[in-house]
Amino acid sequence: MTTLTNETSETNGSNGSNGSKRAKGTKGTEGAPTAKGAPGKRRDTGLLPIATPARTRAAVRELARPHRLLALGGFGTLIVATAVGLLLQPLLGRIVDLATGRGGADAITVVVALLVAVAVVQGVLTGVGLSRIARLGETVLAGLRERVVERALGLPLERVERAGSGDLTVRVTGDVSLVANAVRSALPELARSVVAIALTLGALALLDWRFLLAALLAVPVQAYTARWYLRGAVPLYAEQRVVTGSLQQQLLATIGGATTVRALRLERAHSERVTARSGAAVDVTMRGVRLVLSFYCRLHVAEFIGLAAVIGAGYWLVRDGSASLGTATAAALYFHSLFGPVNAALVLLDDAQKATAGLARLVGVADLPLPEEPERPAVPRDASVTVTGLGHSYQEGHPVLRDIDLTLRPGERVALVGASGAGKTTLAKLVAGIHRPGTGTVRIGGADLADLGPAAVRRAVALVTQETHVFAGPLAEDLRLARPGASVAELREALARVDALTWAEALPDGLDTVVGDGGHRLTSSQTQSLALARLVLADPPVAILDEATAEAGSTGARALEKAAAHAVDGRTALIVAHRLTQAATADRVVVLDAGRIVETGTHDELRAAGGRYASLWEAWAGTRGSVR
């Protein structure tokens, strides 16, 4: 099934999420955490899975493995740069010894020249090392991002609808940005800090092992602080990402359905939901702020303990004659130089935990299995559509469709008619392969959709809905999404078939005009014409139009209906009729009511029968005067 527009949902289905069982994730993934983030306790939220910590680490290793040389080069350069930088403290200590021993100016000048040389060499090597590590992180992130996008585009739309568009949106935008920022800033700095800490401790031991022991007195406090922080931060930031996704989903539902919300006078209820979810987001954020403030306080205590111990050890060793004043000065400077790396490493745990939470959500999507193709896909014998015993429910015990039997002959144009909530969109999505039937079968050319496989269904069936997305870029490239490599002549032919060539050529740069976000704004009628032109280029044998001309309103509606008729000419077409003029021109009309087919026949036959369709027609035509 090729979807040429964004999807809509049946009113009764509530986005297809209520009451749906969450699909099982792949090995190493879990559901979203509970509101309290309690370890090991999960509830069915319907959200996409989140990878376990072990699986997240394994995924990063898999992505980084092909770039081992780049990693070794980056970390190796940082080690050399840090080792060179450790010469600064002994050189400063040497200046102290020369000053206290009344050394000559020439000797001090030599030491100062060495200090300058060390600073220059360290700066150059550090820049090279950090750039290589940043490149490693960006390369790994690019691989993960591509894999996430591939999975997101390949996921069954039923799965996306059940999770809610807000969850997937936050993952491919907010979570990707979070991980990207960590890769660009936190990862290089963390790598440099870890190397600096290890080598500085080694340098303290070389000065005198007692200096190292004094410095290590700060480690228990720092270790306890880090462990305490991680214990609270991991579930907290995971919960924060879930709460943000929930808020995003509610905002999308409220703003996107603003017209319906106002019509049903649900403003108060939706405002309360937004307020409640916003309050939950604020609560989680403030808990994070309090956690970070306590974290910093404990770090300062560790710094005081360590520095006091090193200065005390230096005083004792100098008085005892075991070390010179310059050596004690170098030791104190070494420990003071640890403030930056240690604090940076521990503080970066904050960014690391946020990024890890986002990374786990991305890996959860990247690990989702794509729909399996059958070993021997069936081949449709023709463009017929056969629906037998079809039933579907979004909530158990609340069927949307019941016992639907329907056959569309090759090339036949059938209009679906019924009141809102009758099940028209659900039937269209079942035929398009978006939803799997609860009961019964859907066959294209005599082959069950499951036997055809997702790829064959996409080639055989195209769905056009009333919500069309215009991709940012030249109009020609937007059209080529339906047929990559299409020539300009083919694009012009498709536009001409749906009566859109005139306005397309009248754009500022013709087919090269940039449309979509930041580009030329298309009208509703032009946007729908674009979707119909994509349908012509995709050239599927079966086309489904789900109220594809509804967004045009009254202005241009007749022209769009004519364009839609041209687009489906020669194809088997199932049309969810927004305007009954579409039903009047169809080969056959099928009337749905409460999830059942109650009438079927031509427009004239059903009008003469005086049943449900005749009542709908008279009510619709009566509001339009002379329409008969």
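Colleague: Why is Asp367 called buried?

Modeller: Buried means under 20% relative accessible area, exposed means over 50%, and partly exposed is in between (1.4 Å probe, protein chains only). Asp367 has 11% relative accessibility, so it counts as buried. This is a predicted model: local features need pLDDT of at least 70, side-chain atom pairs count only at pLDDT 80 or more, and totals for chains, interfaces and linings use all residues. Residues are numbered from 1 along each chain as its sequence is written, and side-chain values use heavy atoms, with hydrogens and water left out.

Colleague: What makes the contact of Asp367 and Arg55 a salt bridge?

Modeller: The term requires a side-chain nitrogen of Lys or Arg within 4 Å of a carboxyl oxygen of Asp or Glu. Between Asp367 and Arg55 the N to O distance is 2.5 Å, so the pair meets that definition. Arg55 is also buried, at 15% relative accessible area.

Colleague: Which parts of the chain does the pair link?

Modeller: Distant ones: Asp367 is in the loop between helix H12 (325-366) and strand S4 (385-395), and Arg55 is in helix H2, 312 residues apart. Helices (H or I, at least four residues) and strands (E, at least two) are DSSP runs, numbered from the N terminus. Arg55 and Asp367 also belong to a network of salt bridges with Glu62 and Arg147. The structure holds 19 salt bridges.

Colleague: How do you know that Arg381 and Asp382 form a salt bridge?

Modeller: Their N to O distance is 3.7 Å, and the limit is 4 Å, so the pair counts. Arg381 has a relative accessible area of 64%, so it is exposed, whereas Asp382, at 31%, is partly exposed.

Colleague: What about Arg480 and Glu477, where do they lie?

Modeller: Both are in helix H16 (residues 475-480), three residues apart, about one turn of the helix. Arg480 is buried at 18%, and Glu477 is partly exposed at 44%.

Colleague: Why is strand S14 (residues 588-593) described as largely enclosed by the rest of the structure?

Modeller: Because five of its six residues are buried.

Colleague: Which strands are joined to S14?

Modeller: Two strands pair if DSSP finds at least two bridges between them. Four bridges join S6 (residues 413-417) to S14, running parallel, and five join S14 to S15 (residues 596-601), running antiparallel. Both counts reach the required two, so both are pairs.
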